[in-house]
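Good morning, and thank you for coming. Please look at the sequence and the structure on the screen while I guide you through them.

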Amino acid sequence: MYRISYTADGVISEFLFAFPFFQPADIRVAVNNKIIKDALYSVTPNEDFTGGIVHFVTTPEKGDAVDIFRQVSLSRVIDYQPTAKIDPEHLNSDFNFLLAAFQDINKVNIDIAEWQNTHEKLADLLVYTNQLIQDKMSGGAVLGIYNNLVSVLATAMPNMINDYGSIDEDASSGNGDDYGIL
């Protein structure tokens, strides 16, 4: 993964980077190890997209850790038509894009033991949640909810709802407010 790190001085709001990318959306920024929204910075690329400048809307505070890195946005930019001639430049561009995406994936530093523990905890949570839902949906739980709903509706229907949304008086057999015939 292409990355450059800085420690902010509280004055400078523009940071240089020198690694290849394809479009400004591929450049991501983290401050103090938290990825920030792209609305909080802009990217001015070099002419050949081999680097550029990140401009912060608000200057990072003194001592903030600023990381600028590439994360290729996986999306199709060229649509090859079945009957059209394939342009070698476009084809090379696509292959370079795929190669860069694979390089980014390959450079990610994953602690396999940590990932396995996270995966197992998540799997256990999903199994537990599924069992809980199955338990609540079976037997008397659904019937109990249904009976409660029926009893609430049975006592509420003979009443009229006022303009404030509360039930306060018996409904008459004529017209009531703007509710029509009750």
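This is a predicted model: local features need pLDDT of at least 70, side-chain atom pairs count only at pLDDT 80 or more; totals for chains, interfaces and linings use all residues.

Which residue in the turn of the hairpin of E3 and E4 has a positive phi? The residue is asparagine 32, with a phi of about 55°, and two residues stand between the two strands. Residues are numbered from 1 along each chain as its sequence is written, and side-chain values use heavy atoms, with hydrogens and water left out.

Let me begin with the overall picture. The secondary structure comprises three helices and nine strands; helices (H or I, at least four residues) and strands (E, at least two) are DSSP runs, numbered from the N terminus. Along the sequence, the pattern reads β-β-β-β-β-β-β-α-α-α-β-β. The protein has 182 residues, of which 19% count as buried. Buried means under 20% relative accessible area, exposed means over 50%, and partly exposed lies in between, with a 1.4 Å probe and protein chains only. Among the contacts with a separation of 6 or more, 59% come from residues 24 or more positions apart; contact means heavy atoms within 4.5 Å.

I turn now to the sheet. Four strands form an open sheet in the order E1-E7-E3-E4, and the pairing is antiparallel. E1 (3–7) and E4 stand at the edges with a single partner strand each, so one side of each has no neighbour in the sheet.

E1 and E7 pair over five bridges in the antiparallel sense. Within this pairing, serine 5 has aspartate 67 in E7 as its bridge partner, and isoleucine 4 stands opposite isoleucine 68. Strand E3 (residues 27–31) also pairs with E7 (residues 65–70), again antiparallel and over five bridges. There, valine 29 has isoleucine 68 as its bridge partner, while isoleucine 27 stands opposite arginine 70. On to E4 (residues 34–35), which pairs with E3 in the antiparallel sense over two bridges; valine 31 stands opposite lysine 34.

Why is E3 described as largely enclosed by the rest of the structure? The reason is that four of its five residues are buried. E7 is mostly covered, with five of its six residues buried.

Valine 66 lies in E7, and it counts as buried because its relative accessibility is 0%. Its contacts, not counting residues up to four places away in sequence, include Ile4, Tyr6, Phe15, Val29 and Pro60. The C-alpha atoms of valine 66 and phenylalanine 15 are separated by 8.9 Å, although these residues are 51 residues apart along the chain.

Next, charge. How many salt bridges does the structure hold? It holds one, where a salt bridge is a side-chain nitrogen of Lys or Arg within 4 Å of a carboxyl oxygen of Asp or Glu. The side chains of aspartate 67 and arginine 3 form it, at 4.0 Å from N to O. Aspartate 67 is in E7 and arginine 3 in E1, so the pair ties together parts that are 64 residues apart in sequence. Aspartate 67 counts as buried at 9% relative accessibility, whereas arginine 3, at 45%, counts as partly exposed.

Histidine 55 is in strand E6 (residues 52–56), and its side chain makes a polar contact of 2.8 Å with the side chain of threonine 44. A polar contact is a pair of N or O atoms within 3.5 Å; within protein, one must be able to donate a hydrogen and the other to accept it, and residues adjacent in sequence count only if both atoms are side-chain atoms. Not counting residues up to four places away in sequence, histidine 55 also touches residues including Ser13, Leu40 and Tyr41.

Methods: Two strands pair if DSSP finds at least two bridges between them.
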